[in-house]
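Please look at the model below before reading on. The report that follows describes its helices, its core and some of its packing.

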Amino acid sequence: MPSHEENAMHSEGRVGAVEQPVSGGMGVVQGNVMMLASRGAGSTEERLRAVRETKNAIIGNPAKKTLYAQAGAIPLLVEMLAIGRPEEEALAVQAAAALGSFASGTREGLVGVVEAGAIPKLCPLLLLQTPEDEGDDGSRGQGAGGAAGGGTAHGDAVSHRKLVEAVARTLRIIFSSEAPLPPGLDGGGGVEEATVGRLV
């Protein structure tokens, strides 16, 4: 059964999106993973569709999580957390939600997400500016979304909110899991866990 956090991510991911039917064959899994890896011009929409299909397929389905993990989906989703263009932010939202689903419910999924380097990629995204972070005069702070020379408009701040919320949920899943984290991320007071403690 999907966890409460997985259900929340799943519901949010459906807002404003046309979900595609998910089939069960290994060929579908491999096809989605190949699309996740695609970086060709004009591939953003196809990759976004593949991320959504991956996320929808694995929610509450340990067998599907194993198939997608074995096909190499987790590192590709972690790579999508690096936002180079505005249109890639939607990819990052869905990728963060999918990583949360992988980390929920099974130790294998949790370990796969952590060992793929998700935590150091997720934590800085918590610092993206949202409307609540702006000053009364509309000025922006110096977080990841408002650094000097890279100030973003209010509309960008609004779009950041979904990403920050998805990232926060995924980090909460990782650090509240009953399964033990891999060595080095087992509650020893690392920088990442301190960041989550302050911001999540």
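Leaving aside its neighbours within four places in sequence, Leu77 is in contact with Leu36, Val51, Ala95, Ala98, Leu99 and Phe102, where contact means heavy atoms within 4.5 Å. The model is a predicted one, in which local features need pLDDT of at least 70 and side-chain atom pairs count only at pLDDT 80 or more, while totals for chains, interfaces and linings use all residues. Residues are numbered from 1 along each chain as its sequence is written, and side-chain values use heavy atoms, with hydrogens and water left out.

Leu77 and Ile174 touch the most other members of the largest nonpolar core, which has 44 residues. A nonpolar core is here a set of buried Ala, Val, Leu, Ile, Met, Phe, Trp, Tyr and Cys residues joined through side-chain atoms within 4.5 Å; buried means under 20% relative accessible area, exposed over 50%, and partly exposed in between, with a 1.4 Å probe and protein chains only. The elements that give two or more residues to this core are α2 (26–36), α3 (44–58), α5 (73–79), α6 (88–103), α7 (107–115), α8 (118–122) and α9 (154–176), and α6 gives the most, with nine residues. In soluble globular proteins, nonpolar side chains tend to be buried together.

## The chain as a whole

The protein chain has ten helices and zero strands. Helices (H or I, at least four residues) and strands (E, at least two) are DSSP runs, numbered from the N terminus. Of the 200 residues of the protein chain, 45% count as buried. Among contacts in the protein chain with a separation of 6 or more, 71% are accounted for by residues 24 or more positions apart.

Phe102 lies in helix α6 and, at 1% relative accessibility, counts as buried. Leaving aside neighbours within four places in sequence, Phe102 is in contact with Thr54, Ile58, Lys65, Tyr68, Ala69, Ala73, Ile74, Leu77, Gly109, Leu110 and Val113. The C-alpha atoms of Phe102 and Ala69, 33 residues apart along the chain, are separated by 8.3 Å. Ala97 also has its place in helix α6 and is buried, with a relative accessible area of 6%. Ala97 and Ala166 are 69 residues apart in sequence, yet 5.7 Å apart in space, C-alpha to C-alpha.

The axes of α6 and α7 are 6 Å apart, and the two helices pack at an angle of about 135°; axes are lines fitted to C-alpha atoms, for helices over the stretch in contact, and angles run from 0 to 180 degrees between N-to-C directions. α6 and α7 are therefore oblique to each other, given that angles under 35 degrees count as roughly parallel, over 145 as roughly antiparallel, 65 to 115 as roughly perpendicular and the rest as oblique. Leu99, Phe102 and Ala103 of α6 make the contact with Gly109, Leu110 and Val113 of α7. By class, this contact of α6 with α7 has five nonpolar, one polar and no charged residues, where Ala, Val, Leu, Ile, Met, Phe, Trp, Tyr, Cys and Pro count as nonpolar, Asp, Glu, Lys and Arg as charged, and the others, Gly among them, as polar.

## Around α7

Ser104 lies in the loop between α6 and α7 and, at 9% relative accessibility, counts as buried. The C-alpha atoms of Ser104 and Pro62 are separated by 9.5 Å, although these residues are 42 apart along the chain. In α7, the buried residues include Gly109, Leu110, Val111, Val113 and Val114, and just after α7, Gly117 takes a positive phi of about 85°.

In helix α4 (residues 62–70), Lys64, Lys65 and Tyr68 are buried. They cover an arc of only 105° around the axis, which puts them on the same side of α4; the arc is that of the directions from the helix axis to the C-beta atoms. The face of α4 turned away from its buried side carries the exposed residues Ala63 and Gln70. Just after α4, Gly72 takes a positive phi of about 95°.

The axes of α3 and α4 cross at roughly 140° and come within 8 Å, and that angle makes α3 oblique to α4. Here Glu53, Thr54, Ala57 and Ile58 in α3 meet Lys64, Lys65 and Tyr68 in α4. The residues of this contact of α3 with α4 divide into three nonpolar, one polar and three charged.
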